Each structure stands twice: as structure tokens, then as C-alpha cells.
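Here is a short report on how two chains meet. Look at the structure, then read on.

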Amino acid sequence: MILVCGGLADDVTAFVCARLEYEGDPYRLLDLGRYPRDYAVRWEWEGDTPAGEIAGPGWRLDLAEIGAVYTRCGAAGWPSPVATADDRSAAAARAECQGGVEVLLEQLPCPVVNRGGGTMANMSKPFQLGQIARAGLGVPDTIVTSDPEAARAFCAECGGDVIFKSLSGVRSIVRRVAEHDLERLALLRHGPAQFQRYVPGDNIRVHTVGDEIIATRIRTGAVDYRYARGRGFDLAMEPTRLPGWVEDACRALTTGAGLLMAGIDLKETPEGEYVCFEVNTSPGFIWFEQGSGQPISTALAALLRRGAPAV
Amino acid sequence: MTGVGAAIYLLIGHDDDLCCREVADVLRARAARVIVTPEPLAGEVAFSWAFGARPSSSSLRLADGTRIDRDGLAGVLVRAQGGPVEGEGWTVEDLAYARTETSAALVAWLWDLPCPVVNRLTPDLWFGFRRPLVEWRPLLLRHGIPAANGLICGDAAAARGFARRWGGVAVYAPLTSRARYPVADEASWAELAKISAQLPVCLLEPSVGAAAYACVAGGVVVWQGRELLSGGERAAMESGLRSLAAGLGLGLIEAEVRRAGGGARCYGLELFPWLERYDTASRDAIVGALAGSLGVVG
């Protein structure tokens, strides 16, 4: 039995459920938008792995029956289980519920797409760049600095063609550094920021699903393709092929990070080089599936159906 | 005793951190230069780290103009996760964002340093160092460390069933706090039933008596409350804890050990232990071991 763990209000969770339904794969949904209200749980830690059960509306699932898990805990709404006007109490109760589910998923002996431990590298982009380099992929010239002089020198060295982006997992729009941004560099003394040499070329999003590689080429003039259309840029997606060594590096990067599925952001430069920027550990792949017609959710369903060596 | 000459050590921690203070004293006594700051990447320090196609290079420029290159650091002790420390002038949201960003940079930079770092945490530990026992438990068992049994449930009857094994007594241990509450009488069971009606609760098997603490510093195990355990129990714990620290690549961890029905059990693990609970001789042993982990031979 497959366990899907996420909020139905999350498009990706809903899409995975729809795909499993379509493929005829048996699954149970732990709808985190209705947890714990509509569920009964009993998870016991006596041996190496947790034992017990989850009971949902009209069903009961022994933890030992779970063959694979797909989770989007981070994207779930997680309503507070207690009705209170006190925000801190509500947040504490919500954190307590979330903590229990996350501990369970971390320790189930079956494949979990993806375990929380592996996703934590996503909270430090420079750490991820280290993982990427060790996997054999190129990374952009980068400076992390709280020194305005160093930032200014880096911009000059790159001919002014520099982008900045957040260091953490907090989502930010990747932007080119403009002249007026340089005037704000004094603010760096409050904390470091990350600047990267702008890399020209086509964006390529690689979804690794187990051993499978699904690569999508994205053509746009926008710096951050995720926001291209909203900013008046054209955007086109199409399936693409990668050299074998790049595919192997993407697989190594995924498994090395303890993941079964990842969304890897690459660029192919006009010179034919590949540069990798980051790894999304809980990829919202619907947009790419819809844009390119590639069967990402079908590959995910197959992975969950057959299971895989647990990581 | 070997001195370290003009070696420079970075201790990332707050002024009131006894561990930082005492390690700094030991290092300074060996003529080392020691920088103690909770904010190594901002504030008084200008930080710069470049990498990519070129070899990695990084530096800290101190308020007095001194520049310390990556290769100039002899060792780093990590007791805090970066700044900004002062919240004045920040909105709550901006301060949280700034701390998240700095913390993200710091964990990565620590992994880029060639010198000894205590503790060099992986991101899953860095961003989740405060873990409940049930989360540590499988790892503890894998290293031969007995740990208390636990239960998460939203059902008062199941909770009572769990406690029946220990004479109807259990410990309510919220996952997101260090607080623990004995559940032993009808009033406390009624209170627990009210909570479990709203959200699942975590229970642990009960313990007897006070806790002992085992601090593993640089492979040396130092106890506070060693008399609470038998020699055999201590030896088994020490072996497991050394193995665990080595497996995690950490030079400093602390286990909370209590006596339960089946013998000594681990009830918690701390990656930033506070030295205040240890007596002077124990503290000296821990600090000496930490200095050794940082490369000081003494």
C-alpha cells in the first residue's frame, strides 16, 4: 500500500493522488489539512522501527503494510488542531502534530519520497552547491559575503553581470544586480548575501525519479524562469536529452543527498557546458509535466508501486 | 605541553557560554589568538567566501582590520548558529529571515574549512538539532545505546495500554519542548485525555530517580552522576556513545541517561551541551578534550 502524506489543498499532492488513481495503484491519503481531526494514530517505538497504525475515514492501515510513501509535508497547510485565539498556542499545537508525522516518515523502513533528513540541504544553497560539485557538475562562480567591498569587486570582476538569490530555502526571486542595488550593499553588514556570475543559456530542469531522468528544456529571456510569464517574457518547454555523464551526475547527486526524487536546475551554456544551480528536494513538477507533456507523475507512480532500495 | 604559538581559533558562541569561555582560556594559555563571537559572518566581522570554477577561498576581516584567511584558522568551536543577535530595529519577520540566511551560510562555510571544526553538523542536524527522543531512538539503538520506549497516539485508551506495562505510569514528553510531565494519577490521566482528544501525544516509559549525563568530548566520556549507574551500564553506554559520536562525525555530544525498569536507558541527546551541570574537574576534562579536538596537544 502506498501512503500519500500531504494536504489536498496542495496541487502536487492532489495530482499525485489523481495519478495513482488513474494507474490503479492502491493508496491511502493522510490529508494533512484534516490531520489529526479525521485520523487516529498509534505509533510505538519499541524495536528498531516504529510499529502501529493509521486510521482514516473508513480505513485502517498497519504501518507494516506501507510499501512506499510520497510526502509533501512542507507544502501542507497544517491547520492548528486547537481552536484558540492565541497564535503561539496554535503554532505550538501545529508544530507538535507536524513533528510526530515527520518523525514517523523519517523512520519507516520503506522507500519515502523524500525523507526529511535528505531535504534539509535545501535550506542551505551554498551547502547544496558543495554537494553538486562533488557529484561532478559545474557550479556558478559565487560569492557569499557581508563585505560590501568584496561584493563590489565580484560584480566588477563579472562585468556587472551578476544575480543575487537567497542563501536559505526561503523562496526568493532570482534577480540581476542593478546599479541601484550596489547602493544598498552597506546593508550587508547585517548578514551575508549570495551573488553569482550570471550564466547565459537555456534552463534545463531535470527530474530524477529513482534511476529515471526526465529533462525539460526551458527557453525564456527571464532570469528566473518561474516568474517569466508574470513579468512579460515568453516561455517554452520541450523534452531534451542530456549527455550520459550529466545524467549520471544527476543520479549521483540525488542518491548522494539521500533522495529518491529531485528537481535539479541546470543551464546549458552556448558553449555546451552544463552548470548546476540547485536541487529542489520536493519538486512541484506539475508545471513541467503540463508544459512539456513529459510523464513525470507516471514515473513517480511506478517508483512508488515497485518500491526501491530504501534511502 | 605543546604550545600553539600564533594559531588563530574561532569560537562561535555567546559571551555567557561557559564552554566557549573555558575553551578560550585554555587556548589563550597556550598563546593562541582566540576570537569569540556569536556572529562570525556579519556585524563586527566582514565575511567573504568565493567559490565556483575557482578554488574556494574565504576570509574574515575583524573590526581592527585584521584579515584571517580560510587557511589561517587553526580550529573552530561551534556553539551558536550565527546572527543577528540583537533584535532591535528589526521586524520579527525580517529578523527571522536574516537569521535563517546567516545560518544557511554558516553551515555551508563550516564544511568548507580545512581545519578541525567541533561540531561540524550536517544540514539535517544543523536545522534540526533539538530532537525528541523518539527521533534519535533508531540511531541510538544502531550504536548499541538502549533508549526508552515511546508512543505517539491520539487515543487515551492506547496511552493507558502503553503505561500498563510500567504499572500504569508514563511520562508525557511533548515533541517540541524539553518539558516532561509524569502521568501517574487519575488527575494527570484526565488532563492527558483532554490533550490527546485534540492532538496526538508522545509518551515515554517512566524512569526512576535522577538523571546522569554523559558528555562525549573528543572521544573522552565525562559523567555527571556516574554513581547512578553500575560500572557495566556505564561501560556499555560509553562504548555506544563513542560509536555514535564517531558515526555522526561529532566532537561533542551529551546523553541524558536514566534508570528505567529494564536498566539504564537514554532519554535524550544534546548537540550543544551546557557545561554548567558538570563539576569543576569534569568541566576541565571536557574542555581539555575539546582543546585536543581543535588540534591543541596538551
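## A buried aspartate and its surroundings

A:Asp147 counts as buried because its relative accessibility is 8%; buried means under 20% relative accessible area, exposed over 50%, and partly exposed in between (1.4 Å probe, protein chains only). This is a predicted model: local features need pLDDT of at least 70, side-chain atom pairs count only at pLDDT 80 or more, and totals for chains, interfaces and linings use all residues. Residues are numbered from 1 along each chain as its sequence is written, chains are lettered from A and ligands numbered from 1 in the order in which they are written, and side-chain values use heavy atoms, with hydrogens and water left out.

Where does A:Asp147 sit in chain A? A:Asp147 lies in the loop between strand E8 (142-145) and helix H5 (148-157). Helices (H or I, at least four residues) and strands (E, at least two) are DSSP runs, numbered from the N terminus. Leaving out residues up to four places away in sequence, A:Asp147 touches A:Leu188, B:Ala46, B:Phe47 and B:Arg61. Contact here means heavy atoms within 4.5 Å. A:Leu188 is 41 residues from A:Asp147 along the chain, yet their C-alpha atoms are separated by 6.4 Å.

| Pair | Type | Distance |
|---|---|---|
| A:Asp147 and B:Arg61 | polar contact | 2.8 Å |
| A:Glu44 and B:Arg165 | salt bridge | 2.5 Å, N to O |

A polar contact is a pair of N or O atoms within 3.5 Å; within protein, one must be able to donate a hydrogen and the other to accept it, and residues adjacent in sequence count only if both atoms are side-chain atoms. A salt bridge puts a side-chain nitrogen of Lys or Arg within 4 Å of a carboxyl oxygen of Asp or Glu.

## The interface as a whole

Now step back. In total, 50 residues of chain A are in contact with 49 residues of chain B. The two chains bury about 4000 Å² between them, 60% of it on carbon and sulfur atoms. Buried area is the accessible area (1.4 Å probe) that two parts lose on being put together, summed over both. A:Trp45, A:Glu96 and A:Phe127 supply 17% of the area that chain A buries against chain B, more than any other three residues.

How many salt bridges join chain A and chain B? The count is four. Across this interface, 23 residue pairs are in polar contact, both at pLDDT 80 or more. On the side of chain A that touches chain B, H2(A) gives the most, with nine residues.
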